[in-house]
Amino acid sequence: MMPLTGLVFSLAFVMVQFSTTAYSPRLVGWLAGLERHAHSLGIFTATFLYAVAGLLWIDREGTGRVPP
């Protein structure tokens, strides 16, 4: 999930950088203000944090095995 997130956001940043030179500032402001981008960032971040929380929750007693 982390490589996919890195790829998506690096492409988004390259698109924004390109669009600032190729498009008008009004169009760039409109694209940057879309809720869709904020929701996609939230979904990627929540998925990563859920996976990290799951890894921390497993074997919290130090037994070396996964609880049932």
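pLDDT is the predictor's confidence in each residue, on a scale from 0 to 100.

**Figure 1. Overall view of the predicted chain and its confidence.** This is a predicted model, in which local features need pLDDT of at least 70 and side-chain atom pairs count only at pLDDT 80 or more, while totals for chains, interfaces and linings use all residues. Residues are numbered from 1 along each chain as its sequence is written, and side-chain values use heavy atoms, with hydrogens and water left out. The chain has three helices and zero strands, where helices (H or I, at least four residues) and strands (E, at least two) are DSSP runs numbered from the N terminus. Average pLDDT over the chain is 77, and 84% of the residues score at least 70. Among the elements, helix α2 (residues 25-32) has the lowest mean pLDDT, 69, whereas α3 has the highest, 84. Where pLDDT is low, the predicted coordinates should not be read in detail.

**Figure 2. Close-up of helix α3 and the residue D59.** The 23 residues of α3 should span 33 Å at 1.5 Å a residue, and the end C-alpha atoms of α3 are 32 Å apart, which agrees; the expected span is 1.5 Å times one less than the number of residues in the helix. After α3 comes D59, whose phi is positive, near 60°.

Figure 3. F44 is found in helix α3 (residues 35-57) and counts as buried because its relative accessibility is 13%; buried means under 20% relative accessible area, exposed over 50%, and partly exposed in between (1.4 Å probe, protein chains only). Leaving aside residues up to four places away in sequence, F44 touches M1, L4, T5, V8 and F9, a contact being heavy atoms within 4.5 Å. One of these residues, T5, is 39 residues from F44 along the chain, yet their C-alpha atoms are separated by 6.4 Å.

Figure 4. M1 is placed in the segment before α1 (2-22) and, at 46% relative accessibility, counts as partly exposed. M2 lies in helix α1 and is likewise partly exposed, with a relative accessible area of 43%. Although M2 and F48 are 46 residues apart in sequence, they are 7.2 Å apart in space, C-alpha to C-alpha.
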